[in-house]
Amino acid sequence: MVTNITQLTQARAGNITSEMVGVACAEEMEAELLCREVAEGMVVIPANVNHRGLIPCGIGRGLCTKVNANLGTSADFCEVDAELNKLQTALAAGADAVMDLSTGGDLPAIRRAVLAHCPVPLGSVPIYEAAVTAIATHGAVVGMSEDDIFEAIERHGRDGVDFVTVHCGVTRRVLALLKSQGRVAGIVSRGGAFLAAWMLHHEKENPLYEHFDRLLAICLEYDITLSLGDGLRPGSLADATDRAQIEELVTLGELVARARKTGVQVMVEGPGHMPLGEIEANVMLQKKLCGGAPFYVLGPLVTDIGAGRDHITSAIGGAVAAAAGADFLCYVTPSEHLSLPDSADVREGVMAARLAAHAADIAKGVRGAAARDMAMSAARKKLDWEEQQRLSLDPECFAKTRSKHLTESGACSMCGRYCAMKMVENGLGITAERC
């Protein structure tokens with residue numbers, strides 16, 4: 001039975017939900033203002049009615065940039081306990097949301113285990129489950145039926161998943177464009193590739209596009225936030241901002257309007273691999289075509305040669321994207337393109353993405369973003385190492401690095417008694433307070 005009581009429909013009715021109150025408190029803003037932003041679709045609050053113990057999180061215009069951490073098993077490594085350890089690592093590192101991208105083992109059991117221990121919004125990609133089940137049952141991805149796809153989405157909603165990535169914009173027209181123009185890396189989205197294979201085999205339109213209303217009905221029942229996936233995102237700098245990518249984005253913009261009209265919360269996913277100079281234009285284009293919907297970006301990775309360090313290439317692109325208006329950064333770990341990440345990789349990925357998000361929030365003028373930096377500067381001037389550690393984004397890393405080479409000077413061991421700030425203060429009588 002469709003209840004049609006979502007954060008969006010409640011906001012349009014002027015009803016401030018408990019989730020809105022929680023988000024407004026965390027963002028230090030008025031709940032009435034947040035309610036209006038949700039009503040306009042500029043902010044989403046992923047909050048499935050079945051996700052118990054959820055701490056609500058807002059994503060969108062005027063809010064601090066959020067960070068997502070991807071977890072999940074593979075066919076080669078499918079230990080539930082390992083994923084739960086990575087979940088706790090991501091949470092401890094400060095991830096605002098988590099996605100379960102599992103493709104190996106008992107997928108429903110893994111999802112439910114993660115949900116049971118996840119107080120932040122949880123996302124998933126239901127097409128993975130439909131495809132993996134089809135391979136196990138029929139020997140091929142193309143063996144899944146349209147009903148299999150929608151039934152997988154229904155299961156995820158029933159379990160309590162807060163937002164789902166659905167590649168609705170991978171249409172027959174987009175695939176024709178892709179074929180005609182060619183690409184260096186082709187399709188790098190796993191969900192996009194599953195659907196493309198199914199469409200080409202059956203010579204039919206993408207079910208998620210053709211039966212979009214069926215998808216919306218499921219989302220309405222559980223208040224699942226749609227994350228319209230970029231199935232044609234570029235996986236190479238050479239493929240960035242090509243016709244296939246933009247055509248998919250145009251389609252997603254149309255679907256955003258349909259989702260909002262129905263009362264379903266919606267955000268849009270973005271690239272991918274992209275030259276630094278193209279990122280701002282891509283964000284502006286997405287915002288224009290998609291009616292200002294919250295923008296969720298993977299990276300973008302600004303070079304193709306960062307394997308082993310792609311958390312850095314991603315953080316560079318993510319900072320530029322978020323400063324230009326992107327709202328939600330999906331972390332990339334050092335293992336990207338190479339292997340399944342472990343807990344150490346997860347921590348590195350979250351920290352890199354959080355630094356990018358914070359740098360962007362300062363650039364965007366998000367309320368309170370620069371206050372912590374000002375306090376850190378004052379603590380540095382005073383050589384107050386305890387306060388610096390407290391204010392650091394990563395206090396654990398701070399302590400470990402500082403303890404490598406201690407000095408009796410009171411300054412860091414790089415400058416020691418030749419610390420510029422200490423010399424100037426002693427010589428000119430300049431204090432932190434006067435600075």
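**A residue inside the barrel sheet**

Mentor: N68 has 0% relative accessibility, so it counts as buried (under 20% relative accessible area; over 50% is exposed and in between is partly exposed, with a 1.4 Å probe and protein chains only). Before we go on: this is a predicted model, where local features need pLDDT of at least 70, side-chain atom pairs count only at pLDDT 80 or more, and totals for chains, interfaces and linings use all residues. Residues are numbered from 1 along each chain as its sequence is written, and side-chain values use heavy atoms, with hydrogens and water left out.

Trainee: In which strand is the place of N68?

Mentor: Helices (H or I, at least four residues) and strands (E, at least two) are DSSP runs, numbered from the N terminus. By that numbering, N68 sits within residues 66–71, which form strand 3.

Trainee: With which side chain does the side chain of N68 make a polar contact?

Mentor: A polar contact is a pair of N or O atoms within 3.5 Å; within protein, one must be able to donate a hydrogen and the other to accept it, and residues adjacent in sequence count only if both atoms are side-chain atoms. A polar atom of the N68 side chain also lies 3.4 Å from the backbone nitrogen of M99. The side-chain partner, at 2.9 Å, is Y296.

Trainee: Which residues is N68 in contact with, leaving aside its neighbours within four places in sequence?

Mentor: Contact means heavy atoms within 4.5 Å. With those neighbours set aside, the list is A97, V98, M99, F163, Y296, F328, L329, C330 and Y331.

Trainee: How many strands make up the closed barrel?

Mentor: Two strands pair if DSSP finds at least two bridges between them. Here the pairing is parallel, and the order runs 3-4-5-6-7-8-9-10. The number of strands in the barrel is eight.

Trainee: Which residue in strand 5 stands opposite D100?

Mentor: Strand 4 (residues 97–100) and strand 5 (residues 122–124) run parallel and are joined by three bridges. Opposite D100 stands S124.

**The whole protein**

Trainee: How many helices and strands does the protein have, and what is its radius of gyration?

Mentor: The secondary structure comes to 19 helices and 10 strands.

Trainee: What percentage of the 435 residues count as buried?

Mentor: The C-alpha trace spans about 80 × 50 × 40 Å along its principal axes. Among contacts between residues at least 6 apart in sequence, 74% join residues at least 24 apart. The buried share of the residues is 53%.

**Cysteines**

Trainee: Is C290 buried or exposed?

Mentor: C64 is partly exposed, with a relative accessible area of 27%. C290 has a relative accessible area of 1%, so C290 is buried.

**Backbone exceptions**

Trainee: Which peptide bond is cis?

Mentor: Most residues other than glycine have a negative phi, and most peptide bonds are trans. P300 is in the loop between strand 9 (295–298) and helix 14 (310–324). With omega near -5°, the cis bond runs from G299 to P300.

Trainee: What is the phi of E28?

Mentor: E28 lies in the loop between helix 2 (18–27) and helix 3 (31–39). At 66% relative accessibility, E28 counts as exposed. E28 is not a glycine, yet its phi is positive, about 55°.

Trainee: Where is T241 found?

Mentor: T241 is a residue other than glycine with a positive phi, near 55°. T241 is partly exposed, at 34% relative accessible area. Its place is the loop between strand 7 (225–228) and helix 12 (243–262).
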